[in-house]
Amino acid sequence: MAAKSKFEDTISGLSSTQLEDYIIGYARKDRSFAGKFAEYVKSRLLDDDDTGVRREVAGLFFLECPSRRYDDDTDWYGIMGGINDLFDRAYEALGKGQIRKASGVALAWLDGLAGSFSASARSYDSELISYTIACETAADIIERAMNRPEADDDFRKNVADELAETAACGRKLKSACIYDLRILAKRMRAMTVAPERGLAMIEKMLAEGGFHCPADRLIIQKYQLLMKMGENEEALSFIKSSIGEEKVCDFIVSRYESSGDYDMAVSLLELAIEAASRDPYRSYLKRKLMQREVDIFIKAGRNDDVLRACRRMFVSCKGDSGCYEELKRRIPEALWKSYLAELLEDTAFSEPSSTKAEILLAEGDFTALSGYLLGISDPYSQLEMMDEFAWRLPAALQQDIAEKYCGLIRQDASEAKNEKAYWAVHNHLSHLLDLHDSKALADSLAEEFRNAYRRRRAFVRILSDITPYHEIPGNDML
């Protein structure tokens, strides 16, 4: 935490009366200062009043359902729609430094939900997930407000006190597995006490854990408290040990990126990528983290690192169209063909891979694309890829794969047993019609099916009219 300046030390040592006397006296001497200060008070302080927004939130819980959807006539549709709009306004208020207005929305929502929640709420959302999300949004708004520079000790204490009162009435929310207000109240209380005591409170909550305990937020809060205590190295070491948590990683990487320390941001990302790589179920997060690293290198203007990171991401993620485009923009044209050939050779693409097919198409390597389509081993996947790419080949190559295409459709038709499967065959025939000079072939195949499966009346009816897929309105977007 940065040390206070001499000016800040001086100001903090004055009483409110001394400050008031000085401001009034100085304003009488300097009209310009008086005007600017009045404007600041109006825009930042007088506008930051939560009375109106609290009244709006409270009013939501008195909405009556016009169609009598619920036993108690509570209009949960109106409540949820209204609070989402108010949350948007709360975030806007935060951006203007209006912490009372923002937190007022969130606090009033939690209080209203805790007091009004009933079984009828399931009529809006049977799984109650939307209520959990709304509570988490409210908690995020409150925490952001508590961390704003405008938040003083009185503001933080008032918020913590109000949350504690609301939490005492929030047992129904915890019982329904929606949200545990006690945890939120304890976390916010930890922001009102001495850092050492707050740290002990957070560590206790981390140790207790539990379904309702937000580990990522507790980790971030512990880091912030350690930093406030001047324990910078311990704080960094601690958060590195938890870098595998997505929100934790995003928080700390953003912190260093915004300060311009790209090397530290990247080193933290590398730790997170390593953690994600150990879990096969976190492949999406791994891709997201790698893309974040690429974006940081681009922002920093480090071309060689962009190339390295893009290539690694492309190979590791078994192909990535964004990385392909970024590499093509940056690799000299004279070197591109050989670079791409080596890149494709080193990448273990999934089968089938639309990404690989799209790249071959973009490069104009139609012979390779045709060979790739013909080489797919799984018949179902091969047929899907034929639908997507065969019509985009040159006419001569379309003819080369037409026989294989027909064989795949014939096999699919033989396995069709219900209306959904019949429409799938119809769809494949429509794609076949997109091929050059294929009408006679498609008509012949459709007639073959109508004769072979004449007892399947629904199938015969569905096959009565086959139209080229890309002549159907709405299917010409490729």
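This report covers a helix pair, a serine and the cysteines of a predicted model.

Residues are numbered from 1 along each chain as its sequence is written. In this predicted model, local features need pLDDT of at least 70 and side-chain atom pairs count only at pLDDT 80 or more, while totals for chains, interfaces and linings use all residues; side-chain values use heavy atoms, without hydrogens and water.

Helix 17 (residues 303–316) packs with helix 19 (residues 333–346) at an angle of about 40°, and their axes are 9 Å apart. Helices are DSSP runs (H or I, at least four residues) numbered from the N terminus, and axes are lines fitted to C-alpha atoms over the stretch in contact, with angles from 0 to 180 degrees between N-to-C directions. L307, R311, F314 and V315 of helix 17 meet Y339, E342, L343, L344 and D346 of helix 19, contact being heavy atoms within 4.5 Å.

S430 lies in helix 24 (residues 419–433). Apart from neighbours within four places in sequence, S430 contacts I466, T467, P468 and Y469.

The count of disulfides (cysteine sulfur atoms within 2.5 Å) is 0. The sulfur of C213 is too far for a bond from its closest cysteine sulfur, in C177, at 15 Å. C310 is in no disulfide either, with the sulfur of C323 nearest at 4.3 Å.

The residues below are buried (under 20% relative accessible area, with exposed over 50% and partly exposed in between; 1.4 Å probe, protein chains only).

| Residue | Relative accessible area |
|---|---|
| S430 | 1% |
| C310 | 2% |
| C213 | 12% |

Notes: Helix = DSSP H or I, 4+ residues; strand = E, 2+ residues; numbered from the N terminus.
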